[in-house]
Each structure stands twice: as C-alpha cells, then as structure tokens.
Amino acid sequence: MEISLDGKVALVTGCGPNIGSGIALALARYGAKVACNDVDEAAIKACIARIERNGGEAVAAPGDVTDEAVVQGYVDDVLARWGHIDILVNNAALLGGRGVLDESAADFERAVRVSSLGYFLNTKHVGRAMAERGIRGSIVCVSSSNGWSGTAGVIAYAFHKGGVNNFVRAAAMDLAPYGIRVNSFTPTAPNPDNPELLAERARQGLGPGGVLVHGRGGGLGGPTGDEPWRRPSRWSGQRSPMVPMGTTGTPTDIGHAVAWLCSDYARLITGIDLVVDGGARAKNFAYAPASPEDLAGPLPVISLDDTELSG
Ligand SMILES: NC(=O)c1ccc[n+]([C@@H]2O[C@H](COP(=O)([O-])OP(=O)(O)OC[C@H]3O[C@@H](n4cnc5c(N)ncnc54)[C@H](O)[C@@H]3O)[C@@H](O)[C@H]2O)c1
C-alpha cells in the first residue's frame with residue numbers, strides 16, 4: 001500500500017524555507033497540487049521552484065492570512081484554477097518574541113493576530129469551500145511544543161499556540177458533520193534540512209538552527225534587561241541530552257507525517273495532535289536520556305528533496 005495524494009489540491013500558508021516549504025514539498029511529492037501562501041513573495045517563489053524541480057505542481061496564493069478579503073480572494077483563485085481544495089495546512093505564524101516582563105502590547109497583539117485570525121479565516125473559507133462541494137477534506141493546524149508546556153521568553157507565542165490546540169478540537173466538532181477532519185501537528189524544534197536554507201545560513205556564518213556558529217547561542221527568548229533585580233530565565237551551563245531518540249527530526253519528517261494525516265488512510269482521525277519528536281514530549285521532566293552518541297538513533301530519513309546545490 002502506498003500513500004497517495006494524487007488528485008488532491010492543498011493550500012499551505014506561510015511557506016517559508018523551513019517547515020512550510022518542507023510540508024508543501026511533501027504534499028507535492030505524495031501527489032497533491034499545492035497552492036503556496038506567504039506575505040513574502042520571494043518565499044513563495046522559492047517554495048514553488050523547489051516543488052517544481054522535484055517534479056510537483058504548485059501555484060502562488062500570496063497575501064496576508066489575517067485579511068479576510070485577501071484570504072477569500074486566494075481561496076477563490078485556487079478554486080477557479082483547480083476546482084476544489086482537499087487539504088489546508090495552517091502554518092503561517094510569527095516566531096520568537098519576549099517574556100511576560102518585557103513583551104510589548106503591539107508585538108503581543110500582532111503575533112496573536114497572525115496565528116488566531118490566520119488559522120480561523122483560512123479554516124473558515126477553505127472549510128466552506130470543502131463543505132459546499134462535498135469534499136471530505138483534511139485541515140492541519142501547525143502548533144508547537146510551546147503550545148503544550150512553558151518556555152521562558154515567548155509569552156505571545158505560548159498564548160497563541162495554546163489557543164491553536166483547542167481551536168483544532170472545536171473546529172473538528174464544527175466540521176465533523178461534513179466529513180472534514182481537523183487536526184494539529186506539533187513540530188518540536190526540528191533541524192532545518194532545506195538545502196537552500198542551509199546554504200544561505202552557512203553563507204551568513206550561521207549553523208543549521210540559525211544561530212551563530214561561533215559565539216553564544218541566543219536561543220528563544222533570553223532575558224532582555226540588565227537591571228540588578230533580573231534573574232536568568234534558563235540554564236546556561238552544559239545541557240544534558242533531552243531527546244530519548246537523540247533527535248527531534250527535520251521538516252522532511254514532518255512532511256511525511258502530515259501527508260499521511262491528509263491521506264484517506266487517516267479517514268477517522270480528527271481532533272487530535274500528531275507529534276514527531278523522538279519521544280521528547282513523552283519524556284518525564286526529571287529523566288535525562290542517554291547521550292545521542294550512545295543511542296542506536298532513528299532509521300535514516302527518507303529524503304524528499306533531490307536538489308543538488310553547486311558551490
Ligand atoms: N522552527 C521551529 O523550530 C518550530 C517549532 C515548533 C513549531 N513551529 C511552527 O511551525 C510553523 C513554521 O515555522 P518556521 O520555523 O518554518 O517559521 P518561518 O518564520 O520560517 O516561516 C513562517 C512563514 O510565515 C510567513 N508569515 C508570517 N506572517 C504571515 C502572514 N500574516 N500571512 C502570510 N504569511 C505569513 C512568513 O513570511 C514565513 O515565511 C509555525 O507555525 C511555527 O510556529 C516551528
């Protein structure tokens with residue numbers, strides 16, 4: 001049995017070079033035609049080119065996910081071109097931010113707005129397009145480990161990702177009568193593996209995770225001020241291994257899982273969260289796994305990108 005998305009049409013929001021592009025590529029490699037959304041036209045172009053050089057079909061669906069007229073517009077454009085939408089992946093979000101002592105009202109509001117309105121409006125208009133046409137489709141909302149447990153320094157992100165998790169359960173109830181499934185997928189700090197993104201980061205002297213190769217790693221949300229009353233928000237000494245299987249995987253692993261979740265094999269799966277993280281979330285807080293070098297490690301990743309970069 002092979003998983004196939006042949007004949008299906010997908011819309012992926014926020015198809016930047018990391019996770020959005022990885023999911024869009026996977027859906028295309030499993031046979032779907034993909035409409036690529038972003039506010040950044042260069043990100044859309046790169047995602048479409050990546051899909052096309054890997055043998056898939058893609059179009060642009062540009063625009064801001066928080067603007068209802070814009071969302072309705074690109075959904076209508078995809079319907080006019082391909083007649084139906086079977087898969088929606090809500091992925092566009094603003095990452096990073098600050099902790100509760102330092103976050104600004106404006107940045108908090110913007111981050112929550114992109115995630116909440118973006119996921120809501122795309123689910124509303126794609127959901128209507130599916131229901132009107134009798135399409136028993138699949139909607140995936142990208143969450144984060146920050147939606148399930150607390151990290152210092154990302155108060156807005158924690159707020160809206162937590163909201164995504166219950167949005168999914170409620171939308172699953174709204175759309176169940178139409179045979180439309182709604183689930184979340186939780187990435188857990190995956191290691192970027194888009195060859196173009198890695199090459200660009202290397203050119204800038206950055207490692208795969210976007211952190212300076214030499215110098216102190218920033219990480220998410222370090223403390224902001226240097227007043228005498230400040231306390232550190234995170235451990236800065238040597239970190240013990242934290243992932244039972246040694247790695248949380250890559251956007252390619254996410255892509256395989258999301259493609260399966262959007263396939264007909266998952267016909268009764270709705271209102272759940274799917275996570276691919278080498279056991280990171282299941283881990284008891286007090287348990288430190290063995291060092292990655294001592295582990296068997298997972299099976300090799302099944303690559304979806306045949307890109308060979310010169311130089
Ligand atoms: N990178 C991680 O380690 C990680 C971990 C857990 C969850 N996630 C989640 O995965 C998703 C993708 O993360 P990523 O690392 O690829 O992020 P990214 O910042 O590389 O990509 C997000 C994309 O969304 C686009 N975007 C932002 N606002 C938009 C708007 N208003 N309308 C349309 N597009 C907009 C951006 O231009 C960008 O291309 C996000 O939902 C993120 O929260 C990421």
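The model is predicted, so local features need pLDDT of at least 70, side-chain atom pairs count only at pLDDT 80 or more, and totals for chains, interfaces and linings use all residues. Residues are numbered from 1 along each chain as its sequence is written.

**Exercise 1.** Find how many helices and strands the protein has.

*Solution.* Helices (H or I, at least four residues) and strands (E, at least two) are taken as DSSP runs, numbered from the N terminus. On this basis there are seven helices and seven strands, and along the sequence they follow the pattern β-α-β-α-β-α-β-α-β-α-β-α-α-β.

**Exercise 2.** Describe which residues surround the ligand.

*Solution.* The shell holds 26 residues, the closest being Gly14, Gly16, Asn18, Ala93 and Ser144. Helices α1 (19-29) and α4 (105-133) each supply at least two residues of this shell.

**Exercise 3.** Work out which residues of α2 are buried and what covers them.

*Solution.* A residue is buried if 20 or more other C-beta atoms, placed from the backbone, lie within 10 Å of its own. In α2 the buried residues are Ala43, Ile44, Ala46, Cys47, Ile48, Arg50 and Ile51. Their cover, counted by contacts (C-beta atoms, placed from the backbone, within 7 Å), includes α1, β2 (33-36), β3 (58-60) and α6 (195-203). Just after α2, Gly55 takes a positive phi of about 90 degrees.

Technical notes. Near = placed C-beta within 6 Å. Buried ≥ 20, exposed ≤ 12 C-beta atoms within 10 Å, placed from the backbone. Contact = placed C-beta atoms within 7 Å.
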